[in-house]
Amino acid sequence: MYKIAVLPGDGIGVEIVPEALKVLQAIALRFGYEFEFNEALIGGAAYDAVGHPLPAETLDTCRNSDAVLLGAIGGPKWDKLPVQLRPEVGALLPLRKELGLFANLRPSVLFPGLVHASTLKEEVIDGVDIMVIRELTGGLYFGEKKREQTSDGGQKATDILSYSTFEIERIVRFAYEVARKRGKKLCSVDKANVLESSRLWRETVNKLARDYPDVETSHMYVDNCSMQLIRNPRQFDVIVTENMFGDILTDEASMLTGSIGMLPSASIGGEVGLYEPSHGSAPDIAGQKKANPLATILSAAMMLRYSFDLEEEARLIEQAVRTVMEEGYRTPDLMEEGKTLLNTEEIGDLVAAKI
Ligand code: ATP
Ligand code: MG
């Protein structure tokens with residue numbers, strides 16, 4: 001039995017999460033597992049109910065589960081709250097920190113029939129299957145920050161970028177393990193021609209590379225990588241990089257395959273992994289059954305793979321999503337001539353039925 005904390009959150013979160021649960025139930029039925037779903041409040045919904053976007057009970061529910069499935073949080077209704085109570089700052093950042101999630105995984109996979117959704121040409125994009133692994137709890141975003149007055153009446157602002165061997169080793173080792181189970185290629189991205197933290201990063205990767213002779217290791221400067229992702233994305237299998245570079249590269253990589261409604265994510269580290277779609281709460285389409293639930297369903301697949309080590313089951317979900325796309329079923333975000341328009345629930349039902 002697996003215990004899953006379920007946090008639908010706000011906006012389309014409450015519409016897409018039930019579809020992922022449906023699919024997990026189908027897996028349970030087919031393979032004889034039991035999933036215990038423990039629902040809890042987060043984001044604006046939690047603020048409205050109990051006055052805080054991340055209530056202590058929610059954190060407890062997460063800590064007492066084997067994994068967390070999150071929908072999306074935030075929306076215009078809560079944008080004017082003091083910053084610490086805003087859903088993103090008050091809930092998502094502390095949740096990641098509390099759960100010790102140091103690795104963020106975002107795949108970029110081209111699904112059948114979605115070539116046109118990309119801004120790139122078919123011959124460049126066809127067959128793209130990249131996993132970007134971003135360090136999530138160190139580097140520039142977590143370093144010391146300060147402001148000072150300068151003698152000329154201006155100011156000086158400082159952000160410290162630092163990484164320890166320990167921090168680099170744990171993310172790089174993790175990335176090697178992922179690469180081992182995929183295309184056996186790891187590209188480490190840094191700026192070692194300029195940054196000392198990048199030099200330590202590169203040395204550490206080279207040291208660990210000896211433990212993974214079955215994986216082909218390469219290094220790339222981040223500026224070159226941002227270019228190569230557009231020029232020839234098929235050269236990449238797994239990319240591993242530090243926090244800020246990863247923040248930028250994951251957004252860039254996500255656009256290769258076009259549709260925001262198809263992109264899952266996983267944040268992993270401590271005992272409990274967090275799985276959520278890459279997109280937000282989409283307030284503009286909330287409550288209309290238009291949301292594409294596939295990113296959330298694919299996030300559930302990542303949960304099976306990375307938290308429960310259920311590779312076959314994860315693949316089955318991914319295959320079911322592929323089949324549904326191949327058969328021409330679409331939510332409004334991906335709709336085009338000749339395809340069959342379905343709503344959020346109908347797409348979820350179809351994926352579950354395939355399983
Ligand atoms: P956030 O700050 O939380 O990332 P955002 O406003 O930047 O929010 P989204 O909430 O992801 O971004 O929405 C961006 C656009 O993509 C919106 O027009 C939204 O309707 C659309 N969108 C996002 N997710 C989906 C989905 N699952 N299905 C269909 N359309 C979506
Ligand atoms: Mg956004």
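In the predicted model, helix α1 (residues 13–31) packs against helix α12 (residues 344–354) at an angle of about 15°, and the two axes lie 9 Å apart. α1 is therefore roughly parallel to α12. Here axes are lines fitted to C-alpha atoms, for helices over the stretch in contact, and angles run from 0 to 180 degrees between N-to-C directions. Angles under 35 degrees count as roughly parallel, over 145 as roughly antiparallel, 65 to 115 as roughly perpendicular, and the rest as oblique. Helices (H or I, at least four residues) and strands (E, at least two) are DSSP runs numbered from the N terminus. Residues are numbered from 1 along each chain as its sequence is written, chains are lettered from A and ligands numbered from 1 in the order in which they are written. Because the model is predicted, local features need pLDDT of at least 70 and side-chain atom pairs count only at pLDDT 80 or more, while totals for chains, interfaces and linings use all residues.

The crossing of α1 past α12 is right-handed; a crossing has this hand if the near helix is turned clockwise from the far one by less than a right angle, and is left-handed if anticlockwise. On the α1 side the contact involves E15, I16, E19, K22, V23 and A26, which meet T344, E345, G348, V351 and A352 of α12. Contact between two residues requires their C-beta atoms, placed from the backbone, to lie within 7 Å. By class, the contact of α1 with α12 has five nonpolar, two polar and four charged residues. In this scheme Ala, Val, Leu, Ile, Met, Phe, Trp, Tyr, Cys and Pro are nonpolar, Asp, Glu, Lys and Arg are charged, and the others, Gly among them, are polar.

Helix α12 also packs with helix α11 (residues 311–326): their axes come within 9 Å and cross at roughly 120°. This angle makes α11 oblique to α12. The crossing of α11 and α12 is right-handed. A320, V321, T323 and V324 of α11 and I347, L350, V351 and K354 of α12 make the contact. Six nonpolar, one polar and one charged residues form the contact of α11 with α12.

An unreviewed UniProt entry annotates R96, R106, R134 and D223 as "binding site". These residues are spread over 128 residues of sequence and are also spread in space, with up to 27.8 Å between C-alpha atoms. UniProt positions are given in the numbering used here, feature names are shortened, and annotations may be inferred rather than shown by experiment. R96 lies in helix α4 (residues 87–98). R96 counts as partly exposed because 17 C-beta neighbours lie inside 10 Å; a residue is buried with 20 or more other C-beta atoms within 10 Å of its own, exposed with 12 or fewer, and partly exposed in between, C-beta atoms being placed from the backbone. Residues up to four places away in sequence aside, R96 touches L101, L136, S267 and L274.

A further "binding site" annotation in the unreviewed UniProt entry covers D223, D247 and D251. Although spread over 29 residues of sequence, these residues cluster in space, the largest C-alpha distance being 14.5 Å. D223 is located in helix α8 (residues 222–231) and, with 13 C-beta neighbours inside 10 Å, counts as partly exposed. D247 is placed in helix α9 and is partly exposed, with 18 other C-beta atoms within 10 Å. I248 also lies in helix α9 (residues 243–256). With 14 other C-beta atoms within 10 Å, I248 is partly exposed. A distance of 8.8 Å separates the C-alpha atoms of I248 and S226, which are 22 residues apart along the chain.

Positive phi values were found in two loops. K184, a residue other than glycine, has a phi near 60° and lies in the loop between α6 (165–181) and β8 (185–190). K184 is partly exposed, with 14 other C-beta atoms within 10 Å. The phi of K289, likewise not glycine, is near 60°, and K289 lies in the loop between β12 (273–277) and α10 (294–306). K289 is partly exposed, with 15 other C-beta atoms within 10 Å.
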